[in-house]
Each structure stands twice: as structure tokens, then as C-alpha cells.
Amino acid sequence: MGKFGKGDSSWFTHDRFGMFIHWGIYSMHARGEWQGVIENMSDEQYHNYFKYFNPDLFDAKIWAKAAREAGMKYVVFTVKHHEGFCMYDSKFTDYKSTTACGRDLLREVVDAFRAEGLRIGLYYSLIDWHHPHFEIDVNHPYRERDDREELNKTRNMDIYRQYMKDQIREILTNYGDIDIGWFDFSYPHVPYNPKGREEWDSEGLIKLIRSLRPDIMLNNRLDLPGEGDITTPEQNTPEDPIYDDNGNVAVWEGCQTFGGSWGYKRDEYTWKSEKQCVDMLINHVSRGGNLLMNVGPTSRGFLDDRALTGLGYFAKWMKYCSRSIYGCGIAPEEFPEPRDCRYTYNPETKRLYLHVMNWPCMYLILPNMAGKIAYAQLLHDGSEVPFKESHPSFLHDHLAVHAPKGSVILTLPVKKPDITVPVVELILND
């Protein structure tokens, strides 16, 4: 238990799969969410995106339906990204969607995703390029200006800290139950104007949040070791489980993109294949983590064909194989993974799921499984997978498979089944 309490992670470690949505007026320039810094844009340059933002094709119900069909169980939506633009009707700023386009976009997202049965998470940027009292630092568009120190003399982080608290109270009060608070991010060790727990008043933020939503889950980017409920690596799939300071498997969530950018990027050609996407989900869950998969809507408010195609990859596979994801996690150590495979394990049903990432030629040896399997079947169609246990001196009938002592040999179809990653469901002996 952290100093300021802990959120309820029971649903989170069951559901395993969520949608991240990066949407803001940065979708107007369509070059990614960080372009304001990359191009050192002035407030005047950025104002055009606020002035002309018109998401006339936005329908949150379409997004929510696509997320549900992909097998996603929760959403994390960017309420405010680093640009400072608010996607909801805040009474503490006019730099918001209700001013720009006359719509409370957060309200529409929350209502639509709840209607599809998904839990709600909200992303809030600690950085704010637009707020007049956010001190210029290495992550600000004015970081290279010669007059940055003079500009900072007029900025008061106390005022900005109160602004954050006011908005967080507003969000957590006006939009019903919020399951995840996702804050981004701290950088206490950079050379110019570092920002961490002191600059954000992270302790004050967490106390406020817990007073309003005691069970909310918080990520680990407020620079308060031990206080985050979720460890959040991004653009990286850990090879091994992530452990906390006490040596226990941490609650963790890898956040990933279909391409390379979080926000909409029109001219991006590095989108992941179907196999890469499904592999990524399996790899996260097999190491005890969740996958938070990002989409970046266009400025007109729709998910483009690339995003819908990517979500379709998951939908096609999860329709038949979600049983190996929901409620599952790391397999016990007594089940060593075969070559080119990943296990997930459901401790409630006591079923083991063998994800065959690279289809073998007919036979697959499962080490240390002798006497442990009652029945085996391909998960996608429920068809039986024959198996036999090895003997200390057993040489396979076809003189092709030497089976180590204590192992089991599965006899698989010669041709890989027509599914991205086949899964063998192993029903274990009591």
C-alpha cells in the first residue's frame, strides 16, 4: 500500500487490453503531437489550429464500437496534451473544444465508450505549452529562444499548479467514475528547468485525486516512487516481466502505436503488420502486462483506414482467441516455454494457453509437461490436438523427434491454421 493509498487493479489485470486515443488540435498539422516543439512554433503559429479546428465527422460511437470489436476493455483519452488544448468544457480556460468547435468532446467519448461497456481512463499532460505561467523548459517550443529567461520571469508555477488541480478536480467531478488517471510526464534530471514531484506538487495532486476517486488507478509518471499503480513502458515490449522494488511482478501496461507517432500523422509509412500487432498483445500478456494500443484520429474526427485496419487485426484474432488474454498472465515457472512460443495462464480456470508464434512442422515438444495435460485443443476452432508423453528412452516413431524426459509431444496440423497466431488450449489435470 502506497503512502497515499492504491487503486483497484483487479479489473485491470483481468481485462489486459485497452485503447489509447491521442487527439488534439495537433491533428490539424498532421505531423505528430510533438511538432510544436520540433518546429519551435510560436503561439501565433499554433493559433490557426485552434481557430480552424472543426471535427465535423466525429462520432464517438464509431470509435467505441471499433474498440469493443477489437477486444479492448478500456480507453485512455487525452483530455489535454502538451499543447495545452482541452478537449472538454473547462471553466478555467477558453483554450478548449467548446470554444473552438462548440462541442464537449470528452463528454461524447465518455458516454459512447461507457455505452459499449468499456471503462474510462483519462490522460492529462503535466506539460502545457499554452499556459502563460508554465515555465519554459527543454520540452517547450520556446526552449531555444534568446529571451527565454526574461519570459520565465513573468511566469509563476504556483499559478500553474493550482490550474492543474482545478482542472483535475473538475474532470474527476463532472464525468462520472474514472478508472484510470494517466499523467504525462516528469523529467527531474534534465539540465534546463527540470520538472518533477516538486514542480508538479505530485503529493498534493495524488491526495486530491484519492480524495475524489479512492479506487482510481494512477500511472507512474508523477516522479513519486512507489505511488503509481501502473508502470508504463512505451514503444517497447519487455522481454521479461517487470518487477517492483519488492521483487513482485508489477502491474504494468505497455503503450504502443500502430505507426511511430501518437497523434495523427498523415505521411507515415511505418505501420505494423497484422502479425506484429497480434504478437505484441501476446508478448505483453505473457509477461504479466497489459497492452494499451494507440490510435490518432484526424482533425475531422474520424479514424482513417490505416487505424481501422489495425483495429481489425485485433478484432479478427480476439474473436476466437480472447480466452487466452482475458484473466490471463504469466505462466507458473513449472511450465517452461517451448521454442518460438509464448504461454499465458488463467489461474481461475487453471488452463494454459500455448501461442505458437512460428508454426513448426507437425510436432511440438512441450518440456516438463508429462502427466500435466488432460486434453489439448486448438482454441480458434475447438479441434483436438493429439499428444503423447515421452519415455526416458523414447525415440519418436518417425525417427525425427527426440523427446526429452518428462516432455509431451503435440501432433499439429502440417499446414498452419488460417489464423494469425494459433493457440493451443491445454486443459490441465487437477
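Two strands are taken to pair if DSSP finds at least two bridges between them, and helices (H or I, at least four residues) and strands (E, at least two) are DSSP runs, numbered from the N terminus. The structure is a predicted model, in which local features need pLDDT of at least 70 and side-chain atom pairs count only at pLDDT 80 or more, whereas totals for chains, interfaces and linings use all residues. Residues are numbered from 1 along each chain as its sequence is written, and side-chain values use heavy atoms, with hydrogens and water left out.

In strand 14, leucine 428 is the bridge partner of isoleucine 373. Strand 11 and strand 14 (residues 423-428) run antiparallel and are joined by five bridges. Both belong to an open sheet of four strands with antiparallel pairing, in the order 8-9-14-11. Strand 8 (341-346) and strand 11 (373-378) stand at the edges of this sheet, and because each has a single partner strand, one side of each is left without a neighbour in the sheet. Neighbouring strands of this sheet are turned by 20 degrees against each other on average, direction ignored; axes here are lines fitted to C-alpha atoms, for helices over the stretch in contact, and angles run from 0 to 180 degrees between N-to-C directions.

Another open sheet is formed by three strands in the order 10-13-12, and its pairing is antiparallel. Its edges are strand 10 (363-366) and strand 12 (387-389), each with a single partner strand, so one side of each is left without a neighbour in the sheet. Strand 12 pairs with strand 13 (residues 408-411) in the antiparallel sense over three bridges, and glutamate 389 has valine 408 of strand 13 as its bridge partner.

Helix 11 lies across strand 8 and strand 9 (351-356), and runs at about 55 degrees to strand 8. Helix 11 (residues 274-286) also packs with helix 12 (residues 305-321), at an angle of about 60 degrees and with the axes 9 Å apart. The two helices, helix 11 and helix 12, are therefore oblique to each other, given that angles under 35 degrees count as roughly parallel, over 145 as roughly antiparallel, 65 to 115 as roughly perpendicular and the rest as oblique. The contact (heavy atoms within 4.5 Å) is made by Glu274, Cys277, Val278, Leu281 and Ile282 of helix 11 together with Tyr313, Phe314, Lys316, Trp317 and Met318 of helix 12. By class, the residues of this contact comprise eight nonpolar, no polar and two charged, where Ala, Val, Leu, Ile, Met, Phe, Trp, Tyr, Cys and Pro count as nonpolar, Asp, Glu, Lys and Arg as charged, and the others, Gly among them, as polar.

Helix 4 (residues 60-69) and helix 6 (residues 105-115) pack at an angle of about 40 degrees, with their axes 8 Å apart, which makes helix 4 oblique to helix 6. In this contact Ala60, Lys61, Trp63, Ala64 and Ala67 of helix 4 meet Glu108, Val109, Ala112 and Phe113 of helix 6, a set with seven nonpolar, no polar and two charged residues.

Strand 1 (residues 17-21) is mostly covered, with five of its five residues buried; buried means under 20% relative accessible area, exposed over 50%, and partly exposed in between (1.4 Å probe, protein chains only). Phe17, Met19 and Ile21 lie on one side of strand 1, and Gly18 and Phe20 on the other. Strand 1 runs parallel to strand 7 (residues 289-295), to which five bridges join it, and parallel to strand 2 (residues 74-80), to which four bridges join it. Phenylalanine 17 stands opposite leucine 291 in strand 7, while phenylalanine 20 has valine 76 of strand 2 as its bridge partner. Valine 76 is 6.3 Å from isoleucine 120, C-alpha to C-alpha, although 44 residues separate them in sequence. Isoleucine 120, in strand 3 (residues 119-125), counts as buried at 2% relative accessibility.

Most residues other than glycine have a negative phi, and most peptide bonds are trans. A cis peptide bond, with omega of about -5 degrees, joins aspartate 184 and phenylalanine 185. Aspartate 201 has a positive phi of about 50 degrees and is partly exposed, with a relative accessible area of 27%. Aspartate 223 has a positive phi of about 60 degrees, and counts as buried at 18% relative accessibility.
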